[in-house]
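Thanks for coming, everyone. Let me put the structure up, and then we will walk through it chain by chain.

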Amino acid sequence: MSNQQKHWEKTRGLLFITLAIWFVFSIGIFLFGAEMNEVTGPFGYPWTYWFTCQGSLGAFVILIFWFANRQEKIDEEFGFSEREDE
Amino acid sequence: MKGNFIDNLPKVYGIYTGGFIGFIIIMAIAEQMGMTAKAIGIAFVAFTVFIYALIGWLSRTAQADAYYVAGRQVPTVFNGMATAADWMSGASFVAMAGGIYFKGYGYMALLVGWTGGYVLVASLLAPYLRKFGCYTVPDFIGTRYGGNLARFSAVVVLTVASFTYVTAQINATGTIASVALDIPFQYAVYVGLISILLCSMLGGMRGVTWTQVAQYIVLIIAYLLPVFWISNKMGAGFFPHFMLADEVARIGELEQQFGFVKNAAADLKSVPKGLAGITKAHSAVNATPWAFISLALAMMMGTASLPHVMMRYFTTPSVKAARKSVGWSLFFIFLLYSSAPMLATLSKLSLIDPNLPTGIIGKTFAEVEAIDWYQNWNQANLMFISDFNGNGTLELNEFFMGGKAVVLATPEIAGLPYVISGLVAAGGMAAAMSTADGLILAIANAISHDVYYKIIDPKAETAKRLLVARVLLVIIGFAGATIAAMEIQGILGSVIWAFDFAMSGLFFPLVLGVWWKRANRQGAIAGMLGGLIAGTWYLVWVRTGGSGFLGITQLTFGIFGSAVSLVLMVVVSLMTAEPDKATQKMVDDVRVPSGKSILGKSH
């Protein structure tokens with residue numbers, strides 16, 4: 001397998017992990033919205049309510065930065081990072 | 001100042017922010033000295049619009065890559081701010097808190113959808129399209145799949161989606177301009193339009209970028225300052241986001257106490273159009289999982305297909321910067337979106353809690369009608385009360401309000417000085433203008449670059465291309481304003497439709513263009529046109545009394561459209577020949593950040 005194929009394999013792996021986490025916070029937890037809202041969550045808000053106001057939104061912000069850093073590492077590992085002069 | 005403009009950005013916008021805060025303070029002092037509310041409103045809107053126009057003029061350019069992609073040198077964080085302003089429209093600013101106020105949980109699917117979509121943008125598309133080096137989204141489609149028909153199909157989808165969106169934004173600028181400047185809406189729409197064109201006409205993407213950063217700063221100050229101030233004034237907590245749990249619980253209690261009484265249809269007839277009462281629980285789960293998830297999903301996939309957002313990431317210096325920039329965009333959006341539910345909570349509690357001095361539920365009609373702010377907003381057609389049961393006291397089901405009033409009227413209800421209301425008007429104007437600019441530019445660029453230059457006259461010189469681009473900008477702007485002046489549909493409804501149109505036609509052709517090498521021209525064309533037609537058909541069908549299926553409504557028709565698009569694209573691609581070697585090589589090159597971009601610096 002060529003260097004580029006390996007790079008793409010890893011990139012795809014990262015995509016699947018990222019999308020899995022994204023799925024949990026955007027769709028997964030809202031399957032149980034009614035049940036989860038009965039429980040008190042962060043700062044005293046009901047859990048589901050908190051996720052829609054802050055939790056999921058914040059998770060997405062963190063997820064994107066985490067993803068960007070992981071992807072940069074993968075690019076470096078296989079020597080595909082951009083050089084400054086490009 | 002030494003050094004070039006880009007290096008000085010933090011300083012430039014630091015001074016600008018300081019200057020704006022200084023302006024707010026001057027207005028506050030002027031108010032104490034007797035400046036009228038009307039004059040303050042005019043000053044706020046005129047001052048900020050003047051600054052944007054100045055930035056637009058300073059950013060004028062005659063170069064293609066500056067006009068189309070701001071010279072690809074916008075730093076990560078600033079591009080994040082510009083994208084946030086580009087993204088947060090009049091709907092986000094003026095209507096979102098109102099939607100949450102009235103509909104609660106079911107509506108908050110939009111908060112999740114309009115943020116979660118950025119994960120898709122960052123991971124599936126933005127870095128790869130940046131590497132591609134295109135000027136517009138159809139530029140990517142046209143080069144990846146090849147052929148004028150593919151390019152043209154992408155322009156069609158882009159135009160349908162963005163134009164639906166832009167009429168709503170011009171409508172919003174008109175509404176705010178007409179309130180703040182006290183002129184009729186039909187004229188205010190054109191005042192709004194001219195302000196919008198001043199930002200984008202001379203500098204194209206460069207002008208829009210630097211005005212959007214300025215607009216973000218205005219809109220975020222205008223949104224957060226009242227939220228914090230009201231929260232503190234009510235004693236709800238100095239940092240509302242972490243401290244409103246008791247208030248949320250108290251609203252739940254009051255809802256129990258008052259109950260949601262259903263009004264008779266005959267009674268509701270007397271309520272002015274566009275106003276609504278509180279009929280849904282504030283924090284309880286009031287929608288089925290599918291209703292919530294389908295709306296969130298449609299907005300997320302729509303986010304990743306809207307060209308005016310995607311093209312912001314063409315302006316970063318590198319692929320790496322494009323990825324990070326998506327994160328910053330969402331961070332800046334998060335600041336406003338996480339505040340909207342807090343504003344809705346504060347607004348609702350201050351109106352319905354009889355223990356608070358501002359609460360009106362339980363008061364007599366004579367008392368409420370004597371309140372200054374009630375009279376003002378009743379006159380503006382945003383508040384209405386009617387004694388349906390004839391007992392002389394106001395009940396929860398007898399109080400009606402427009403969605404916009406949550407943002408526009410809450411500062412006044414809470415007793416904040418008028419300078420805050422002026423600030424909010426300037427913020428709403430900034431939000432609507434910045435989005436309208438991005439959208440008009442996306443349409444005009446697609447038509448001038450992809451239709452005129454790439455299809456009609458590939459030999460055109462830069463000067464002529466940019467002239468065509470500018471003429472189109474004006475034409476599209478006026479077309480949008482003309483339709484906006486007719487006031488056909490509400491702001492929020494048409495914004496949601498735009499997302500559905502975009503995802504129907506563009507989501508899979510874009511994503512598969514990067515992630516599926518086997519995707520070919522025939523498949524992409526079938527996917528774009530088939531998806532758009534299927535989605536539009538579903539919308540028309542449901543609007544004309546069709547029952548719909550699988551719980552897909554007129555707000556989520558993109559789910560149907562994009563499913564059709566995916567199936568068509570895969571089936572047609574597999575039935576026809578695979579893309580040639582050169583195209584496959586191109587896809588391989590797009591997938592790694594290093595190396596030259598696919599399209600040259602100026603193409």
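In chain A, what share of the contacts with a separation of 6 or more comes from residues 24 or more positions apart? The figure is 57%. Keep in mind as we go that this is a predicted model.

Let's stay with chain A for a moment. Its secondary structure comes to three helices and zero strands. Reading from the N terminus, the order is α-α-α. The radius of gyration is 18 Å, well over the 12 Å that the globule rule gives for 86 residues, so chain A is more spread out than a compact globule. The box around its C-alpha atoms, taken along the principal axes, is roughly 50 × 30 × 15 Å. How much of chain A is buried? Buried residues make up 35% of its 86 residues.

Now chain B. Here we have 26 helices and three strands. Along the principal axes, the C-alpha trace spans about 80 × 60 × 40 Å. Buried residues account for 57% of the 603 in chain B. As for contacts with a separation of 6 or more, 84% of those in chain B join residues 24 or more positions apart.

Next, the place where the chains meet. On the chain B side, 41 residues are in contact with 40 residues of chain A.

On to domains. The assignment for chain B gives domain 1 as 1-33. Domain 2 comes in pieces: 43-254 + 281-346 + 416-488. The C-alpha centres of these two domains of chain B lie 23 Å apart. Their contact takes 11 residues from domain 1 and 16 residues from domain 2. On the domain 1 side, we have nine nonpolar residues, one polar and one charged.

The crossing is right-handed. Residues making the contact include Gly106(B), Ala109(B), Gly113(B) and Gly117(B) from α6(B). From α14(B), they include Ala291(B), Leu295(B), Ala298(B) and Gly302(B). What is the class make-up of this contact? It has 14 nonpolar, six polar and no charged residues.

Start with Thr61(B). You will find it in the loop between α2 (37-58) and α3 (64-69). Thr61(B) has 18 C-beta neighbours inside 10 Å, so it counts as partly exposed. Leaving out residues up to four places away in sequence, Thr61(B) touches Ala66(B), Tyr67(B), Gly203(B), Gly204(B) and Arg206(B). Met201(B) is 140 residues from Thr61(B) in sequence, but the two are 9.7 Å apart in space, C-alpha to C-alpha.

Ala70(B) has a phi of about 50°. Its place is in the loop between α3 and α4 (76-87). Is Ala70(B) buried or exposed? It is buried, because 26 other C-beta atoms lie within 10 Å.

Leu550(B) also has a positive phi, about 55°, and is not a glycine. This residue sits in the loop between α24 (521-543) and α25 (557-575). Leu550(B) is exposed, because it has 10 other C-beta atoms within 10 Å.

Last one: Trp516(B). Look in the loop between α23 (491-515) and α24. With 15 other C-beta atoms within 10 Å, Trp516(B) is partly exposed.

I'm happy to take questions.

Methods: Residues numbered from 1 in each chain as written. Chains lettered and ligands numbered in written order. Predicted model: local features only at pLDDT ≥ 70, side-chain atom pairs only at ≥ 80, totals over all residues. Contact = placed C-beta atoms within 7 Å. Domains from an automatic or database assignment. Nonpolar A, V, L, I, M, F, W, Y, C, P; charged D, E, K, R; others polar. Helix = DSSP H or I, 4+ residues; strand = E, 2+ residues; numbered from the N terminus. Buried ≥ 20, exposed ≤ 12 C-beta atoms within 10 Å, placed from the backbone. Left-handed = near helix turned anticlockwise from the far one by under 90°. Rg over C-alpha atoms; globule rule 2.2 N^0.38 Å.
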